[in-house]
Amino acid sequence: MLKKIFFLIIIITIFGCSSTTKECENIQINPNGESELALVMRALYTNTLDIKKELFTNTDTTITNLNSINLEEFKINYNALHTSKPTDLNLRIDGKYEKFADTYINSSKNFINNSSKENYNSMVNNCIQCHEQFCLGAIKKIQKLYTK
Amino acid sequence: MKYIIHIALVISIISCSNNIQEKQIFGDQNITEEGKVSALELLNTLASKDSVQVKLVAKINSICQKKGCWMYVDLGDTTEMLVRFKDYEFFVPMDATDKIAMIEGMAKVDTLSVEWQKHLKEDANASQEEIDAISEPKIMYSIAEATGVIIY
């Protein structure tokens, strides 16, 4: 009986260890964890892309009858730029970020009041100007939001 | 006999746990290792071409310590390559320095602006002196829009 168990262990060891590579999929964007502010900004990107796709490709669509996005969600997201916890906890110390956030939020409100292409691009531009100061990495992606 | 079985069990557990090599995939989950090249092979190719689509295998020298959004990999002889990730759609673990990675993307010789160099230094928690010392654009190898990364 003991001999059988011994040989069983040997066989399990040989076959069990023959598979030496374990693949792990990382579907999440950031394996280090995303901050609240990063998530808000990703949500704003998706909101803006939805608005662009719908508003500027369908002539019957207006800012108040969009199907793909609830405008209230967009407003909640841009207001959360002032309250969400950032990746870099020093971001809010000197008030510089808050000024850029205010400029972006005002241009978003302006766009909601008058949804022209000019006001839309101005909103995207204000988003990029803030990123030029604080986080260059996302700029290439945000530039894709501009409309012609 | 009982002792032999106990020893065999312990050896079996230890050898198996040491043998498993974890391979983590970031970005394109369909990335394959077929056609991967070494840093030396890449440098030879870039000696006669402006850019090349590659699957580069190299050691990670450093990683953005704010959120893992860029990394420098070793090309040998104190040469490094800056790797960033396409559309900010994925990042890598901040504790993966010194691990081996395979990066897929378009490799080229790039010009890194002063603003970008300062930003990278800030992300790497460099001193203000180091950041202020940057005054010239830098020519360097880069993969600006990697589509997938495997870390071994």
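Of the 148 residues of chain A, what percentage count as buried?

Reply: This is a predicted model, in which local features need pLDDT of at least 70 and side-chain atom pairs count only at pLDDT 80 or more, while totals for chains, interfaces and linings use all residues. Residues are numbered from 1 along each chain as its sequence is written, and chains are lettered from A and ligands numbered from 1 in the order in which they are written.

In chain A, 20% of the 148 residues count as buried (20 or more other C-beta atoms, placed from the backbone, within 10 Å of the residue's own; 12 or fewer is exposed, and in between is partly exposed). The chain holds six helices and one strand (DSSP runs, numbered from the N terminus: H or I of at least four residues for helices, E of at least two for strands), and its elements follow the order α-β-α-α-α-α-α from the N terminus on. Of the contacts in chain A between residues at least 6 apart in sequence, 53% join residues at least 24 apart, a contact being two C-beta atoms, placed from the backbone, within 7 Å.

Within chain A, helix α4 (residues 96–113) and helix α5 (residues 117–134) have axes that come within 8 Å and cross at roughly 170° (lines fitted to C-alpha atoms over the stretch in contact, with angles from 0 to 180 degrees between N-to-C directions). Helices α4(A) and α5(A) are therefore roughly antiparallel to each other, the term for angles over 145 degrees. Among the residues of α4(A) that take part in the contact are A:Tyr97, A:Phe100, A:Tyr104 and A:Phe111, and those of α5(A) include A:Tyr120, A:Met123, A:Cys127 and A:Phe134. By class, this contact has 10 nonpolar, nine polar and one charged residues (Ala, Val, Leu, Ile, Met, Phe, Trp, Tyr, Cys and Pro are nonpolar, Asp, Glu, Lys and Arg charged, the others, Gly among them, polar).

For context, chain B has four helices and eight strands, and 29% of its 152 residues are buried.

Returning to chain B, B:Ile103 touches B:Leu56, B:Val73, B:Val83, B:Ile143, B:Ala146 and B:Val149, not counting residues up to four places away in sequence. B:Gly148 lies in strand β8 of chain B, and because it has 20 C-beta neighbours inside 10 Å, B:Gly148 counts as buried.

Helix α3 of chain B (residues 114–123) has B:His119, B:Leu120 and B:Asp123 as its buried residues. These residues cover an arc of only 100° around the axis, which puts them on the same side of α3(B), the arc being that of the directions from the helix axis to the C-beta atoms. What covers the buried residues of α3(B) includes β4 of chain B, and just after this helix B:Asn125 takes a positive phi of about 60°.

Definitions and conventions: Angles under 35 degrees count as roughly parallel, over 145 as roughly antiparallel, 65 to 115 as roughly perpendicular and the rest as oblique.
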